[in-house]
Amino acid sequence: MNYLKSKNFPYTLAIIFSSVILAILISNYNLKNYDKIVTDEYGSFHQMIKYDALRYLSHGAEIKKDLNEGVNFFETGRENFTKYLPPRIAALIFQLFDIELYKDFESKEINTGVYKPYLYVQSLIYFFSVFIFYVLCKSNFSSKTLNFIILFLCLEPTIFQYHGTFWSESFFFSFQIIIIGLMICKKKNNLIFALIGFFIAILSLQKQYAIFYIIPVIIYFSIFDFKRKVLSVFFLIFGFLLPQIFLGYNNFKRSGVFYVLANDNNIAIHLDLVPKVINQIKGYSGNEFVEYEGEIMKNWMIKNSINFNEDSETLKVNKHFMRYRDSIVNEKDKLKFDKKIRSRTFEYIKKYPFEFASTMIKNGVHIVLLNPFHIYSDHKFRSGEIYYISKKHDELIPYRIIYTLIIYSLCLYGFYLFLVEKNYKMLILLLFSIIYFYALSFWHGNTRYFLPAYIYFAFFFGKSFERLINNFK
């Protein structure tokens with residue numbers, strides 16, 4: 001409890017406490033203005049709970065319903081198609097605060113006015129993780145640097161905006177902050193290493209692509225922890241495997257197949273990147289390519305005796321290859337479908353390597369443009385596709401560019417200061433983390449996907465701002 005005696009502690013506590021209050025106020029504002037059902041030319045939708053948020057929350061509502069009906073936890077919910085943890089977090093919060101997402105499961109009409117506990121818990125967990133980070137790392141940095149790091153983590157608008165909505169980023173950031181706090185704290189024991197591995201696994205359950213982050217972490221500790229390298233890596237892997245085994249067992253009990261990688265890992269590129277590239281090459285428009293892929297996959301399913309419902313409601317909407325996936329009866333067969341899609345992805349990339357490389361490079365440049373207006377546009381527009389072609393999107397671009405240049409200039413100066421101080425240990429950890437999360441998401445082009453890498457910029461910002469303030473004085 002020595003941190004309580006620190007002269008810096010009241011300032012740190014003030015930053016965190018003020019940020020919690022502000023997050024609650026923003027949550028209240030969002031709920032007051034956007035927690036409602038609206039109608040446009042495409043139909044009715046909830047302004048805050050749609051697309052990814054609706055997928056997680058609806059899954060959570062189903063898990064809660066299953067549990068209340070006496071279903072074994074390991075047999076609740078849907079297949080592990082995408083992120084495992086968000087719907088379970090939603091189910092837990094729904095259960096604790098008796099929140100019902102739907103008025104009834106038949107109409108699936110979304111309730112309004114019941115979500116304050118969800119957003120409050122989300123904010124409290126995030127800012128508690130920042131406090132844990134402070135406790136773990138208070139002796140790693142000067143008091144001013146640490147306060148500016150915490151200021152960035154608490155109030156930087158690109159990060160802060162997610163605490164007042166239902167996207168999965170806020171919880172993901174929380175786990176990242178705890179992990180880096182554990183990694184750089186000066187006093188480590190076997191429990192600390194086990195906790196690092198455990199939270200990396202939890203991180204991967206929140207967003208699946210974090211599962212391989214364990215590799216750069218092991219490399220990092222192998223470089224800088226010579227004395228206890230073998231033992232520390234053992235406890236690191238031990239902590240990491242516990243949640244993964246739990247996940248695999250959950251999948252096995254529900255589907256009869258033990259697996260830990262979410263199914264969309266095999267099809268994400270085919271879903272988000274391949275259509276864009278092939279449409280440009282072939283001059284396709286609308287759903288022409290994805291329906292062509294649907295026909296290919298339909299013939300593949302027939303040839304391989306895959307049991308699917310050709311008269312399903314999903315296929316009446318359109319013949320997108322994902323609708324054929326939805327029509328498959330057994331989860332085991334869906335895994336086979338995903339592997340076939342993955343092989344088709346590789347075939348397209350092999351056939352058009354230049355076109356794919358060009359698109360991925362463009363996306364990789366675009367993804368680093370900061371967007372502190374994402375939640376604003378998400379609440380104002382039905383979908384990102386509509387927003388991207390809107391006048392408002394074009395109006396905000398200059399502000400985003402200016403803000404991005406300011407933040408990156410400050411962080412670049414902070415990077416330089418780390419080099420001058422020869423703090424290579426911290427630099428390598430930050431660069432390993434930034435490169436890892438960027439490398440696994442740059443191809444997509446969505447600026448939101450860059451934020452797991454961006455969270456580590458807080459350290460460069462803190463170092464830079466301390467020096468600037470000292471120079472100014």
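The lining of the second largest pocket draws at least two residues from each of α2, α3, α4 and α7, in what is a predicted model. Helix α3 gives the most to this lining, with 7 residues. The pocket holds about 300 Å³ of space, and 16 residues line it, those closest to its centre being Arg 88, Ile 89, Leu 92, Ile 93 and Leu 96. By class, the lining has 14 nonpolar, 1 polar and 1 charged residues.

Helices (H or I, at least four residues) and strands (E, at least two) are DSSP runs, numbered from the N terminus. Pockets and cavities come from a 1 Å grid over the protein atoms alone: a cavity is a set of points where a 1.4 Å probe fits but cannot get out, a pocket is an open set with protein on both sides within 12 Å along at least five of seven lines, and lining residues have an atom within 4 Å of a point. Grid points are joined across faces, edges and corners, and a volume is the space filled by probe spheres set on the points. Ala, Val, Leu, Ile, Met, Phe, Trp, Tyr, Cys and Pro count as nonpolar, Asp, Glu, Lys and Arg as charged, and the others, Gly among them, as polar.

Residues are numbered from 1 along each chain as its sequence is written, and side-chain values use heavy atoms, with hydrogens and water left out. Local features need pLDDT of at least 70 and side-chain atom pairs count only at pLDDT 80 or more, while totals for chains, interfaces and linings use all residues.

Arg 88 also lies over the face of Tyr 84, at 3.9 Å from the ring centre (a charge sits over a ring if NZ of Lys or CZ of Arg is within 6 Å of the ring centre and within 35 degrees of the ring normal).

The largest has a volume of about 60 Å³ and is lined by Phe 133, Leu 153, Gln 176, Ile 177, Ile 180, Ile 455, Tyr 456 and Phe 459. Helix α7 (residues 169-184) gives the most to that lining, with 3 residues. The lining divides into 7 nonpolar, 1 polar and no charged residues.

The second largest cavity holds about 40 Å³. Its lining divides into 4 nonpolar, 4 polar and 1 charged residues, and includes Tyr 162, His 374 and Arg 448.

Arg 448 leads on to the salt bridges: Asp 52, Arg 55, Glu 169, Lys 207 and Arg 448 are linked in a network of them. A salt bridge here is a side-chain nitrogen of Lys or Arg within 4 Å of a carboxyl oxygen of Asp or Glu, and the whole structure has 20. Three of them are set out below.

| Salt bridge | Closest N and O atoms |
|---|---|
| Asp 52 and Arg 55 | 2.7 Å |
| Lys 64 and Asp 98 | 3.7 Å |
| Glu 79 and Lys 334 | 3.6 Å |

Asp 52 and Arg 55 both lie in helix α2 (residues 51-68), 3 residues apart, about one turn of the helix. Burial is judged by relative accessible area: buried means under 20%, exposed over 50%, partly exposed in between (1.4 Å probe, protein chains only). Asp 52 counts as buried at 15%, whereas Arg 55 is partly exposed at 35%.

In the salt bridge of Lys 64 with Asp 98, distant parts of the chain are linked, with Lys 64 in helix α2 and Asp 98 in the loop between α3 (85-96) and α4 (116-137), 34 residues apart. Lys 64 is buried at 5% relative accessibility, and Asp 98 is exposed at 61%.

Glu 79 pairs with Lys 334, joining the loop between α2 and α3 to helix α16 (residues 331-351) across 255 residues. Both Glu 79 and Lys 334 are buried.

Aromatic pairs number 44; rings of Phe, Tyr and Trp (its six-membered ring) pair if their centres lie within 6.5 Å, and planes under 30 degrees apart count as stacked, over 60 as edge-to-face and the rest as tilted. Tyr 213 and Tyr 436 form a tilted pair, 5.5 Å centre to centre with 50° between the planes. Tyr 213 lies in the loop between α8 (190-206) and α9 (214-224) and Tyr 436 in helix α21 (residues 424-439), so the pair ties together parts 223 residues apart in sequence. Both Tyr 213 and Tyr 436 are buried.
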